[in-house]
Structure formats: C-alpha cells, structure tokens
Amino acid sequence: MKVKLLLIKTYYSFPIQLLLLHFRKYQILLIFWVILFSTINGGFAKVFGGDALYLAPEYLGKVNFYSTTLLGLATGMFIMSWQITTFILHTGRFKFLATTSQPFFKYCLNNAIIPLLFIVSILFRGWEYQRYQQLTSIPDILLLGEGYICGVLFIFFFCFFYFFNADKNIGRRLEKRFGNPRNFVRMILKPTQEPDENALPVHNYFTTPWRIRRARNVDHYNKHYLDSILKQHHFAAMITVGCSLIFLVILAYMMDYNVCRIPAGASVLIFFAFLIGVAGAYSYMLQTWSIPILLVMLFGLNWMVEHNWVDNRNKAYGLNYHQRKDRPEYSVGALQQFFTPQKYEADKAATIRILNNWRKKFPADKKPPLIVMNFSGGGSRSATWTVNVLQRLDSLLHGRLMKHTMLMTGASGGMLGATYFRELYYRQQQGKPIRLGDSKYVENVSDDLLNSVFTAMAVNDFITPWRSFRIGKNQYAKDRGYAFEMQLNEHTDSVMDKTLKDYLAPEAGAEIPMLIWNATINADGRRLMISPQPVSYLCSPGYLYPTRQVRDIDGVDFAQYFAAQGAMDLRITSAIRMCATFPYVLPNAFLPSNPIVDVMDAGIRDNFGQQTTLRYLYTFRKWIDENTSGVVYIQIRDTRKNDISPIKKTKDLSDLLFEPLFTMQQHWSAMQDFDQDGLLNYMEGYFPNKFHRVIFQYVPQKQDKAAALSWHLTSREKLDIAHALDNPANQSALEYVVKLLGE
C-alpha cells in the first residue's frame, strides 16, 4: 500500500507532470532537444563532424577554458529560453505557482529533468571525446569541464536574479493597486464560478533542490487574479527574449572581429534559443490568431523576395550584378551559339602555346614526363590530405613536382588544398622565403572553418540578412559564404586573396600549372569551369566526325561567358567556395545570367575532376605524344577506392523506409569511379605504354574512426590523415612517382 501511494505521489509530482506535458503539448519544442542529444552522441550530422562543435568547441583557433565557457553560456541561454517559453505556455495549467514566492525559480527547478540530462551527457561525452579524439590530458579536460559549468551557472544566476527582482516589482504593483490588506484579501479570495478546464493535478513539488512541499489548493482563489500574476511574469519573460534578439543583432554586426566569432556549437545553441523564445512569445501574444498571421507574414515575405525587396542570395564576389542589360542568355541555343567551333580552335591554340612554354623548361633533347593531378572533394579532410601528399611528393622529387605539372583540377576541399599549395609554390618562385614542406601550411589549411560558417548562419543569415559589403561598385550579402572566405584568408595569411586575372600571366607563361575550378550548375547539371585561360575546348566533346549536326555543350567556360560581368575580377576564394558548396553548409552562388542560375559543389557531377582531365588529355593527345615521354596521372582522393560498405545483418523499420531513398547518395562516389574507370581504358589507348595512373588515397588507421567530412578536424583526425601516407599502398605510389620522374 505504501509503495502504491509513493508511486501515485511520484506520478502526480510537478516534475513528472511537466515532463509528460512536454510530450503531450508543443512537441515541436522537443525537436531542438532531440537534435542536440543526437548530435553530441554521434547520431545527427556525425559524418559532417557535428559532435565536434559541442565536444571540442574552438574559439580564436583553440579549444580551451574560454571556448567551453562560451559554450556553457550558450547552453545556459538555450536552457533558460526553453524554460521561459514553456513557463509562458504551461503555467496556466499550474495555478498554484502564482501563490508561491519566485514562481519562475520553482518552475525551472521542477522542469530541470531534460536540461540536467543534457548537461550530464555533454560533460560525459566531452570527457570521452577530449581523452580519445583530441588526446587531451586529464587536468586540461577538467579545466574544460569547469569552464563549461561556469558558463552555464552564470546564465542561471543572472536570469534568476532578474526574475527575483521582477517578483519584487510585481508585489509592489499589487500593493499600489489594492491599497490596504483587507481589499487585497477580499479580491484574491473572491471565488470564480467558471471551472478551470486546463488545470492539471499536482500533488507536490520541489521548493529547493533538497526540499519537497505539497502543492497548495487554489480553488478558493480568484482565477483572474492568478492569471494576472502569471501574465506579469510572462511579460518579464518576454523581455528576456527581446534582449536575446538585441544580443544576436550586436553579435552579427561584430562578426568582422575575431573576438566575436564564438564557437559554432554556441552559435547554434543561441539560434535555437532565439527560435524557441520567438515561438513562445508569438504563440502567447497572438493565441488563436498565431497561425493565420503566420501565413500572412509568409505570403508577405514571399512577395518581397519575388519582387526583389528582400534579396540576400549569395553572389560570387567580384562579379558585376547590377548591370542587367548585357547579361548572357542561359539556354541551349545561346550556349551553342557562343561556344562555336572557331572559339574551340582558338582556345585550343592558346593552350598549345602554354604547353610550348612548359616544354621550354626542359632540355630540348630529352622529352619530360607531363603530370596532371586530380583532387577529390571532402572538406577540410580532403584539403589537409592534399597538402600532405603534395608536400611529401615535392620533397621526394627535390622540388620538381610543380615543374612537371601542367594541369590541376578537382572538386571541393581538394581544390582548396591544391590552390593553396600552388600559390605557395608561385611565391617561392618569386623569391619569397617559403619552404613548401613546412608543417605550418598543413596546420593552416586544416584550421577550423566551421565555426565562422555556423556562427554567420545563426546571426547573419537568419537574424540580420540585410547586412552587406562592397567590392568597388558591387554589393554583396554578408552571409556564411562571406564568413567562410574571410576565415579562409585569415588561416592562410591571405595568400589566396587574389582575383582570377592575377593568374592569367603566370599560367600563360607556364610559371605555374594551369588550375581549373569546377562547379555544378543546378539548372541542368552542366559543369562550370573557372579558369583565367580560355578553355572552351573543355565545354563540349571534340567530335572527329559529324555524328551530330549541333555541338553538345556540357560545360560553361566561366571567364568567357561572363566576361561582360567582370569574370576576371572573381575572387579566388569565391572560386574555391563555388567549387566546394556542400548543400546547406555553404550558400549556392547565383550567377548574373538571363535567367539567373546557381551553382554548387563540383562533386555532384564529378567528385574527382577526372572528366575535365580526360577531355584535356584527349584534346591535346597529339602534342603530348610528340613532346613528352608520357603522362603521369596523379589522383589524390580522401576516400578508399573500390571500398564496399558492409551490409547490415538485421534491419530496423527506419532502414526499410529510408534506405531506398539514400542508396544512390551513399554510393555516389563509387558509381562515379566505375564510370570513370571505363573512360580511362580508352585514354590509355591514346598513349600506349606512356600513361601511368597513380592513386593516393586516405585510408584511416581504424575504419570506424575516419576523419569527418566537414570543415572541422580534431587533433586525432589530423594525425590520422598525416599517418595515412605511411600506408603500404601510398608508400608504393610515392616510390612509383619518384621512379617515373627519375633523372
């Protein structure tokens, strides 16, 4: 009997009733918790390194006491926003709170089950992550945990102090309104006739963390009086939501300063806090009108976007968008008229001149091997792997790697690393004190880019989308694309803060290899090829015979097609970003065509850059055969070739529902491999015994511990990428390249 009574009391306790109420009402507010719990436990966004945002938060490039304190502050803000919002929405069901002192504190104390579980989970997972992924010492881990707890507690104490004072002010207003105590008692004890249908039964509640008290019966209180008390607390709560909005706006305007770029995980938490707060205040203020007014607002926003009143679409920095008359038409017919056979031959002749300049760097009586290189996509993982491989190759070849290289192309992160390495080589050729094998360049390219992107997404893209900046007469939105490029320049000492035309002369003179950035045009899947050199011969197949009456244009030469829009003024960082626009992480860049088109990651069409390279080799096969000793085709990829994903022995319901939808996405790279291997067979026929394919692939030391496909790498992941060069297959590939280029 005692056990049954205890169970009944527990079930009707305030904490349990609140927990059940969250699952019964406003379940949408629990989605935020589900995302956060799933992320820190390696579920949601694991492949993109989502857990690292919370378990290894970076601030000013370091994971330390200050970075975890900022994460703790953000966690506290999110928790208090959730508490405030649910307080506004749910306290009408628990009128006994109005008869207590400091009702908000009592509510938060009894509504602490989910927040406490989250804090304990993130501390436990943070310990594991720092110990085994970041390789951090135990004293340093304890210091990180201390910073996190301090941040959370600071927000808690600040909010409770605010509401404590609000409680006093409410009491003073009641004294002024009712005057003497007799009038006050007469008013509050005047019973109401209508029953409160929303009230939920509560037997007991926590008054302090160590004390339980029986909930007071409030049936004899005036219902309107209790409602007025709670509404005044609700008003105080909504003031905090307004303060959070002001904070986010200030943070957005201070984004250009390093000190204001808080950890990405903190940005997401603050943004979630803002969303929850706005949703709660909106629902409370408009009540049954909330849905109709929301629809009106959405229609209004849609109208403003359609009529260009609101236009925060991302643009490629350097391009001219304000001149609308001379925009090139983007259609099948217009592309065929622009990329003519005459242009094809003229561009081909221009590249042969570059090839001749390249040939002059070697003795006339000895044919040199020609190197072409492809780089796979894969975020910071691929960029870091690319620089590691290029440094090792250049060292083993005693600085001759880039001298023999004629073409570099690929996708996404690999092209970031390739662009950076080529620029360092160019500066070295100009006599600047650069040692290509220096480990600091790997550190630079592997530094975190995700924090700035997510912070900008939270505070710029959603809170202040009207912010912009200028390059000359052109104006562009200050969004997460801007934050990405700004952070990339800071990490790499701004060596890539150049325009396309800055590489026109050095490429033409063969001082550096030609480099082609690729992107995919969403409208039809054509490749957008960005190069300072005219490369229209890569935009269509070179038919030997009239098998088709019209040319099939499957690519767009960016520099020529958008010449009137200042294509040669395109920022190199924008070319990299357009090449590496992974969905949602970075914004799609729109191009000033008619109609406008947008582009995204090159990996959608070709994650290895191989199609561009094979067409290049085919186009110049005669020159290459006559002037070189052969082709050394180097592919640097961040995934294992011919890898087989293990099939699950047992499947749950989610597998049966979603596997058919994502099968193609999961095997996208493998399907590209199979298709391109077939094309390589034909290419080998044009260079009999003179075509050598060498593959460098990142193979993690432990299959389940591969570096994440993300713009953030942990210390362990950086070490794992560096050690991948010691893999027997990669060692054999290094030896083979040295042998092929032996003098």
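Trainee: What makes Ile246, Ile250, Tyr253, Met254, Tyr257, Val259 and Trp466 a nonpolar surface patch?

Mentor: Nonpolar side chains (Val, Leu, Ile, Met, Phe, Trp, Tyr) are joined within 5 Å, and like charges within 9 Å. Here the patch comes to about 770 Å², with areas from the Shrake-Rupley method and a 1.4 Å probe, where only the protein chains shown cover a residue. This is a predicted model: local features need pLDDT of at least 70, side-chain atom pairs count only at pLDDT 80 or more, and totals for chains, interfaces and linings use all residues. Side-chain values use heavy atoms, leaving out hydrogens and water, and residues are numbered from 1 along each chain as its sequence is written.

Trainee: Why is Met254 called partly exposed?

Mentor: Buried means under 20% relative accessible area, exposed over 50%, and partly exposed in between (1.4 Å probe, protein chains only). Met254 has 34%, so Met254 is partly exposed.

Trainee: And why is Lys478 called buried?

Mentor: Its relative accessible area is 11%, so Lys478 falls under the 20% limit. Buried residues make up 53% of the 743 residues in the chain.

Trainee: Which residues does Lys478 touch?

Mentor: Leaving aside residues up to four places away in sequence, Lys478 touches Asp256, Asn460, Arg467, Ser468 and Phe469; contact means heavy atoms within 4.5 Å.

Trainee: Where is Lys478 placed?

Mentor: Lys478 sits in the loop between strand 7 (474–477) and helix 20 (480–491). Helices (H or I, at least four residues) and strands (E, at least two) are DSSP runs, numbered from the N terminus.

Note on methods
Patch = residues over 30% accessible without salt bridge, like charges linked within 9 Å, V, L, I, M, F, W, Y side chains within 5 Å. Salt bridge = Lys/Arg side-chain N within 4 Å of Asp/Glu carboxyl O.
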